[in-house]
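The stops below are given in the order in which they may be selected.

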Amino acid sequence: MAAAAAAGSGTPREEEGPAGEAAASQPQAPTSVPGARLSRLPLARVKALVKADPDVTLAGQEAIFILARAAELFVETIAKDAYCCAQQGKRKTLQRRDLDNAIEAVDEFAFLED
């Protein structure tokens, strides 16, 4: 009866897979949006860009995913900052000067100067 109470308690149980690993440790897609992708950038394109670097010999699929996600976050951050600059000029359309202003205003973007 204790097993039935534990099974019906609503707490997720970890079931072991064939290699003895817990199934809950596997990355899963968010369940809030059906059909949602974990990455918006095409991973094949990111992989091609990584392979184009002569210093890179091997890149695992997880590394490619992390690089794609980091690129997405970077583009999102700089776009938001540039949009704030556009709003200060009472515009909704981003222009090159908005990106330049965002780069100058945020210390983390200093590597993009010049």
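**First stop: a pair in helix H3**

Select glutamate 72 and arginine 69, which form a salt bridge with their closest N and O atoms 3.1 Å apart. A salt bridge here is a side-chain nitrogen of Lys or Arg within 4 Å of a carboxyl oxygen of Asp or Glu. Both residues lie in helix H3, 3 residues apart, or about one turn of the helix. Glutamate 72 counts as buried at 10% relative accessibility, whereas arginine 69 is partly exposed at 32%. Buried means under 20% relative accessible area, exposed means over 50%, and partly exposed lies in between (1.4 Å probe, protein chains only).

This is a predicted model, in which local features need pLDDT of at least 70 and side-chain atom pairs count only at pLDDT 80 or more, while totals for chains, interfaces and linings use all residues. Residues are numbered from 1 along each chain as its sequence is written, and side-chain values use heavy atoms, with hydrogens and water left out.

**The whole chain**

Zoom out and colour by secondary structure: the protein chain has 4 helices and 0 strands, running α-α-α-α from the N terminus on. Helices (H or I, at least four residues) and strands (E, at least two) are DSSP runs, numbered from the N terminus. Of the 114 residues in the protein chain, 13% are buried.

**Further salt bridges**

How many salt bridges does the structure hold? There are 4 salt bridges in the structure. Side chains of opposite charge can pair when their charged atoms come close.

Next, select glutamate 76 and lysine 80, a salt bridge whose closest N and O atoms are 3.1 Å apart. Glutamate 76 and lysine 80 are separated by about one helical turn because they are 4 residues apart in helix H3. Glutamate 76 is partly exposed at 34% relative accessibility, and lysine 80 is exposed at 51%.

Then move to helix H4 and select arginine 96 and aspartate 100, 4 residues apart and separated by about one helical turn. Their salt bridge brings the closest N and O atoms to 3.3 Å. Arginine 96 is exposed, with a relative accessible area of 64%, while aspartate 100 is partly exposed at 28%.

**Around the start of the last stretch**

Is aspartate 98 buried or exposed? Aspartate 98, found in helix H4, is buried, with a relative accessible area of 0%. Display its side chain: one of its polar atoms lies 2.8 Å from the backbone nitrogen of glutamine 95.

Now select lysine 90, in the loop between H3 and H4. Lysine 90 has a positive phi of about 60° although it is not a glycine, and it is exposed, with a relative accessible area of 78%.

**Surface patches**

Switch to a surface view and select Phe74, Val75, Phe111 and Leu112, which make a nonpolar patch of about 370 Å². Of these, valine 75 lies in helix H3 (residues 61-88). Accessible areas come from the Shrake-Rupley method with a 1.4 Å probe, and for residues only the protein chains shown count as cover. Patches are made of residues with over 30% relative accessible area and no salt bridge; like charges are joined within 9 Å, and nonpolar side chains (Val, Leu, Ile, Met, Phe, Trp, Tyr) within 5 Å.

Finally, select Glu104, Asp107, Glu108, Glu113 and Asp114, which gather in a surface patch of negative charge. Aspartate 107 is in the segment after helix H4 (96-105) and is exposed, with a relative accessible area of 66%.

Note on methods
Lys, Arg positive; Asp, Glu negative; His and termini not counted. Charge placed at Lys NZ, Arg CZ, Asp CG, Glu CD. Polar contact = N/O pair within 3.5 Å; in protein donor to acceptor, adjacent residues only side chain to side chain.
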